[in-house]
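Colleague: I have a model open and would like to learn how to read it. Can we go feature by feature?

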Amino acid sequence: MTQSAAIVTGAAGDIGAAIAAKLADDHDIVLLADIDPKAAAATAAKLGSADRFIPVECDVTSENSVAALARRAAQIGTVRTLVNNAGAARAVSLHDTTPEIWRADNALNLEAAFLTFRAVEDQLKASKGSVVNIASVNGMNVFGHPAYSAAKAGLLHFTRLVAVEYGKFGIRSNAVAPGTVKTQAWEIRAAANPNVFEDARRWYPLQRVVDPKDVANAVGFLAGPLAAAITGVCLPVDCGLTAGQAELARTFSQSEHY
Ligand SMILES: NC(=O)c1ccc[n+]([C@@H]2O[C@H](COP(=O)([O-])OP(=O)(O)OC[C@H]3O[C@@H](n4cnc5c(N)ncnc54)[C@H](O)[C@@H]3O)[C@@H](O)[C@H]2O)c1
């Protein structure tokens with residue numbers, strides 16, 4: 001029987017690495033696709049044996065690079081799970097967003113998911129597999145980083161597009177929307193404000209930020225058999241951020257119970 005494979009893009013990052021570790025529970029092999037080959041190799045080596053964790057250099061914004069990734073996966077197994085996790089934000093406000101940044105953020109955070117999906121859709125049909133797109137709370141409400149956020153909102157709609165058009169092949173498509181996750185992506189902001197996570201905490205009903213493992217657990221659930229009837233949804237993993245803010249509820253209601 002062919003080996004079941006999972007592809008995780010941006011797998012050298014903290015969230016991607018946690019997802020790759022989780023998916024190894026029920027996939028034979030995990031391909032760690034990243035634009036940074038050294039970091040992907042180091043992450044793969046940390047996660048386990050070289051025949052199960054396979055680093056692949058891949059720029060998810062390049063059609064050729066993504067096609068090579070799909071071929072590599074097909075040589076060693078059949079893709080059952082595609083996790084579109086590579087992502088980044090380049091400008092904090094519309095004022096700071098140039099046309100180049102707008103296009104680059106959309107290419108990485110939205111178009112890449114389309115490219116990777118089309119490249120592995122035949123393998124997903126064969127395995128009746130699923131796609132999990134790593135979106136963000138930024139795709140649901142306004143929290144800054146506009147081009148990134150518009151792309152993540154598009155990614156949520158892309159999630160539904162796949163669910164509806166490919167459901168007849170048994171392919172499922174879901175999204176996870178993390179709130180603040182302490183990762184390398186925050187390095188610059190944490191250097192500018194060492195209290196950034198403390199400052200963020202007060203807006204979260206659970207009074208903490210998200211851990212990469214929290215995101216990985218949600219991906220593992222959505223990609224696994226327990227979610228067999230779930231498709232087209234976005235699961236926020238946001239410690240309650242998109243439910244509301246206790247401080248605002250206290251201001252509006254003047255109740256000390258918030
Ligand atoms: N960290 C957070 O607070 C947070 C919150 C919500 C959503 N997310 C989302 O989670 C995902 C992972 O974020 P993270 O914090 O681990 O980021 P990160 O910056 O730590 O890791 C991202 C990884 O993607 C890789 N990458 C960048 N461009 C690429 C390309 N063109 N092709 C292939 N790989 C590429 C990088 O090399 C890096 O290893 C992203 O989609 C991000 O938008 C993160």
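Modeller: We start with the ground rules, then take the ligand, a helix, some single residues and the cysteines.

Modeller: This is a predicted model, so local features need pLDDT of at least 70, side-chain atom pairs count only at pLDDT 80 or more, and totals for chains, interfaces and linings use all residues. Residues are numbered from 1 along each chain as its sequence is written, and side-chain values use heavy atoms, with hydrogens and water left out.

Colleague: How many residues surround the ligand, and which are the closest?

Modeller: A residue is near a molecule if one of its heavy atoms lies within 4 Å of it. Here 27 residues surround the ligand. Asp34, Asn85, Tyr148, Thr183 and Trp186 are the closest.

Colleague: What classes make up the shell around the ligand?

Modeller: Ala, Val, Leu, Ile, Met, Phe, Trp, Tyr, Cys and Pro count as nonpolar; Asp, Glu, Lys and Arg count as charged; the others, Gly among them, count as polar. The shell holds 14 nonpolar, nine polar and four charged residues.

Colleague: Which helices each supply at least two residues of that shell?

Modeller: Helices (H or I, at least four residues) and strands (E, at least two) are DSSP runs, numbered from the N terminus. Helix 1 (14–23) and helix 5 (146–166) each supply at least two shell residues.

Colleague: Which polar side-chain atom lies 2.7 Å from an oxygen atom of the ligand?

Modeller: A polar contact is a pair of N or O atoms within 3.5 Å; within protein, one must be able to donate a hydrogen and the other to accept it, and residues adjacent in sequence count only if both atoms are side-chain atoms. The 2.7 Å case belongs to Trp186. An N or O atom in the Tyr148 side chain is 2.6 Å from a ligand oxygen. Val181 uses a backbone N or O atom, at 2.8 Å from a ligand oxygen. The ligand taken alone exposes 830 Å², and the protein buries 87% of that. Those areas come from the Shrake-Rupley method with a 1.4 Å probe; for residues, only the protein chains shown count as cover.

Colleague: Is helix 1 mostly covered or mostly open?

Modeller: Buried means under 20% relative accessible area, exposed over 50%, partly exposed in between (1.4 Å probe, protein chains only). Helix 1 is mostly covered, with seven of its ten residues buried. Among them are Ile15, Ala18 and Leu23.

Colleague: Where is Thr9, and what does Thr9 touch?

Modeller: Contact means heavy atoms within 4.5 Å. Thr9 sits in strand 1 (residues 4–9). Its relative accessible area is 2%, so Thr9 is buried. Leaving out residues up to four places away in sequence, Thr9 touches Ala33, Val60, Val83, Asn84, Asn85, Ala86 and Thr116. The Thr9 side chain reaches the backbone nitrogen of Asn85 at 2.9 Å, and that of Ala86 at 2.9 Å.

Colleague: Is Ser136 buried or exposed?

Modeller: Ser136 counts as buried because its relative accessibility is 4%. Ser136 lies in the loop between strand 5 (130–134) and helix 5. Its side chain reaches the backbone nitrogen of Asn138 at 2.9 Å.

Colleague: How many disulfides does the count come to?

Modeller: A disulfide is a covalent bond between the sulfur atoms of two cysteines. The test is a pair of cysteine sulfur atoms within 2.5 Å. The count comes to zero. For Cys239, the nearest cysteine sulfur is that of Cys234, 15 Å away. Cys239 is buried, with a relative accessible area of 8%.
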